[in-house]
Amino acid sequence: MIKVTFIEPGGQRHEVQTATGYDLMTVAVNNMIPGILGECGGNCSCGTCLVSLDSTWQGKAGNASELERSIISGYRSCSEDLRLACQIALTEDLDGLEISLLDEFY
Amino acid sequence: MDIKLAELKKDPYPIYSELRDRHPIAWVEELNMFYVTRFEDVVAILNDSEHFITGTEKSTIFDIFGSHMMTTEGDLHQRYKGRMRPPFLPKFVREHVEKSIGERVDYLLDSIQLQDAVEFRHGFAKRLPILVMLDLFGLPATDEKLLRGWYDNFELALDNYVWDPEVRASGKHSAGEFHNYLQRQIERFRNVPDSSALLSVLANLPEDQALTDSELRHNCLIVLFGGISTVEALILNALHVMNYDAEVNNRVRSDFDAIPKFLEEVVRFCGPVQTATRHLSMDYSFGGHCFRAGDTVNCVIASANRDVNAFSNPDMFDIDRSDLRKHIGFATGPHHCLGSHLARAEARIALERLFLRYPNFTFDKNKIYKVEGQEFRQPLAMHLNLGGE
């Protein structure tokens with residue numbers, strides 16, 4: 001099990017314990033985290049699981065693909081911190097991950 | 001297993017249960033298509049837009065409405081849906097649309113106030129979604145009857161799996177009339193832009209983002225008309241559950257915070273949209289079945305939402321269930337319902353204001369109504385005594 005913390009724009013924190021092997025969007029939706037919709041079910045298609053990672057975690061979470069970046073650009077200018085949660089596979093390396101939620105959707 | 005359309009329309013859930021257990025991919029002769037009923041299979045197909053596509057010549061929605069976000073895949077689908085998505089996200093709906101929904105709800109509740117007993121489907125639920133869509137797009141509310149007439153023809157044409165030529169011609173004629181109507185509205189907004197009207201915003205996008213007028217009309221058509229029967233059915237199905245479950249009835253009337261959870265469970269338990277149709281783009285083996293290119297597959301999302309392998313006690317209506325948001329009542333994958341948050345908002349505001357305005361309303365026990373439908377499923381009438389018994 002690893003720990004993931006989702007932080008709302010207002011600072012409220014949601015700590016979740018999860019097994020590895022899932023993607024971050026699925027974990028967020030299953031735990032009713034506000035601000036992550038995941039409407040397309042993880043197809044890298046809708047962009048409604050857009051989140052921000054600080055520099056500590058960007059390398060460990062991997063890089064956004066070209067498709068992912070094109071979806072993100074529909075909402076905000078692409079930058080290194082922005083990722084789609086559905087494209088982040090949770091591994092042991094991400095134990096302690098902190099995710100900033102955006103106010104794009106809620 | 002011989003599946004009869006009439007039985008599906010009357011009560012599909014026992015049939016779904018047997019199909020999930022014994023024939024998870026089953027041929028339905030009367031509909032000329034396969035039914036897929038297990039949660040895992042339905043999710044897999046709706047997520048696979050390489051093998052299971054939406055727009056082919058066998059698709060009634062393509063035949064009547066042509067190329068738009070619901071009949072395209074990949075980059076073209078993204079181009080269409082991406083342009084339309086922002087105003088349908090929860091934040092935009094809450095900040096910019098809910099106020100006008102509330103005004104329309106109040107207007108319709110006003111219009112039935114002099115009647116002690118009311119048939120709520122025709123007096124309210126059928127009308128609200130059209131008025132909301134007209135407001136959202138910036139179209140005149142006086143065009144309500146015009147849109148209703150076109151929509152009724154579309155509904156028949158989309159359900160025309162036997163390809164009746166008269167029904168098909170009528171659907172195409174209405175689509176042509178709608179295109180002419182919408183083009184006039186687009187030109188009106190080019191002459192006098194209105195930033196509060198979705199059609200005006202879309203018609204005046206910067207050149208590098210703009211859709212052609214034809215693309216705009218085709219996509220507006222599917223969005224405008226996609227949010228009509230679905231919302232009507234969500235409101236009526238919610239009332240139907242309240243009518244038959246006294247505990248739920250009491251709880252949602254006394255605790256408005258429970259209404260959003262209640263509506264999620266309505267979508268799972270007795271969803272307005274029962275199925276999502278796909279077509280094979282090539283020969284393909286799936287779930288032990290060899291599909292041929294061109295085969296039609298109906299993903300039965302209403303069955304998937306009752307699958308015991310996906311939900312605990314799936315045949316129990318439970319607004320406190322831990323897997324409340326797992327349902328796929330608004331579909332999943334790239335073609336997830338664009339208007340799901342708008343539909344939720346309309347149904348929630350409708351119920352809240354109905355409960356506030358008529359706190360003692362009861363269901364008329366003397367008037368029995370049918371719940372029917374194989375593709376869209378809802379009560380055909382809903383008789384209320386507004387002042388109570």
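A residue counts as partly exposed when its relative accessible area lies between the 20% under which residues are buried and the 50% over which they are exposed. B:Asn32, at 47% relative accessibility, therefore counts as partly exposed. The model is predicted.

**Salt bridges**

- Side chains of opposite charge can pair when their charged atoms come close.
- Over all chains, the structure holds 27 salt bridges.
- One of them joins B:Glu215 to B:Arg79, with 2.6 Å between the closest N and O atoms. B:Glu215 belongs to helix α12 (residues 213–226) of chain B and B:Arg79 to helix α5 (residues 74–84) of chain B, so this pair ties together parts that are 136 residues apart in sequence.
- B:Glu215 has a relative accessible area of 13% and is therefore buried, whereas B:Arg79 counts as partly exposed because its relative accessibility is 27%.
- B:Glu98 and B:Arg348 also form a salt bridge, their closest N and O atoms being 2.5 Å apart. This pair links distant parts of the chain, with B:Glu98 in helix α6 (residues 90–111) of chain B and B:Arg348 in helix α17 (residues 340–357) of chain B, 250 residues apart.
- B:Glu98 counts as buried, since its relative accessibility is 19% and the cut-off for buried is under 20%.
- A salt bridge of 2.7 Å, N to O, brings together the side chains of B:Glu232 and B:Arg121. Because B:Glu232 sits in helix α13 (residues 229–244) of chain B and B:Arg121 in helix α7 (residues 120–125) of chain B, the pair ties together parts that are 111 residues apart in sequence.
- B:Glu232 and B:Arg121 are both buried.
- B:Asp63, B:Arg168 and B:Lys172 are joined into one network by salt bridges that share partners.

**Helix packing**

- Two packed helices are described by the angle between their axes and the distance between the axes.
- Helix α10 (residues 165–191) of chain B and α12(B) have axes that come within 10 Å and cross at roughly 110°. Angles of 65 to 115 degrees count as roughly perpendicular, and α10(B) and α12(B) are therefore roughly perpendicular to each other.
- The crossing in which α10(B) passes α12(B) is right-handed.
- On the α10(B) side the contact is made by B:Phe178, B:His179, B:Leu182, B:Gln183, B:Ile186 and B:Arg190. On the α12(B) side the residues are B:Asp213, B:Leu216, B:Arg217, B:His218, B:Cys220, B:Leu221, B:Leu224 and B:Phe225.
- The contact residues of α10(B) with α12(B) comprise eight nonpolar, three polar and three charged.
- α13(B), the helix that holds B:Glu232, packs against helix α15 (residues 259–269) of chain B at an angle of about 100°, with the axes 10 Å apart. α13(B) and α15(B) are therefore roughly perpendicular to each other.
- α13(B) contributes B:Leu234, B:Asn237, B:Ala238, B:Val241 and B:Met242 to this contact, and α15(B) contributes B:Phe262, B:Leu263, B:Val266 and B:Val267.
- The contact of α13(B) with α15(B) divides into eight nonpolar residues, one polar and no charged.

**Positive phi angles**

- Most residues other than glycine have a negative phi.
- B:Asn32 has a positive phi of about 60° although it is not a glycine. B:Asn32 lies in the loop between β1 (25–28) and β2 (33–36) of chain B.
- B:Trp163 has a positive phi as well, near 55°, and is a residue other than glycine. The position of B:Trp163 is in the loop between α9 (144–158) and α10 of chain B, and B:Trp163 counts as partly exposed because its relative accessibility is 32%.

**Two single residues**

- Is B:His68 buried or exposed? With a relative accessible area of 0%, B:His68 is buried.
- B:His68 is placed in the loop between α4 (60–65) and α5 of chain B. Leaving aside neighbours within four places in sequence, B:His68 is in contact with B:Ile61, B:Tyr80, B:His218, B:Asn219 and B:Ile222.
- B:Cys290 lies in strand β7 (residues 289–291) of chain B and counts as exposed, because its relative accessibility is 57%.
- Not counting residues up to four places away in sequence, B:Cys290 touches B:Tyr284 and B:Ser285.
- B:Cys290 and B:Ala276 are 14 residues apart along the chain, and their C-alpha atoms are separated by 20 Å.

How values were computed: Residues numbered from 1 in each chain as written. Chains lettered and ligands numbered in written order. Predicted model: local features only at pLDDT ≥ 70, side-chain atom pairs only at ≥ 80, totals over all residues. Heavy atoms only, no water. Helix = DSSP H or I, 4+ residues; strand = E, 2+ residues; numbered from the N terminus. Buried < 20%, exposed > 50% of the residue type's maximum accessible area, 1.4 Å probe, protein only. Contact = heavy atoms within 4.5 Å. Salt bridge = Lys/Arg side-chain N within 4 Å of Asp/Glu carboxyl O. Axes fitted to C-alpha atoms, helices over the stretch in contact; angles between N-to-C directions. Parallel < 35°, antiparallel > 145°, perpendicular 65-115°, else oblique. Left-handed = near helix turned anticlockwise from the far one by under 90°. Nonpolar A, V, L, I, M, F, W, Y, C, P; charged D, E, K, R; others polar.
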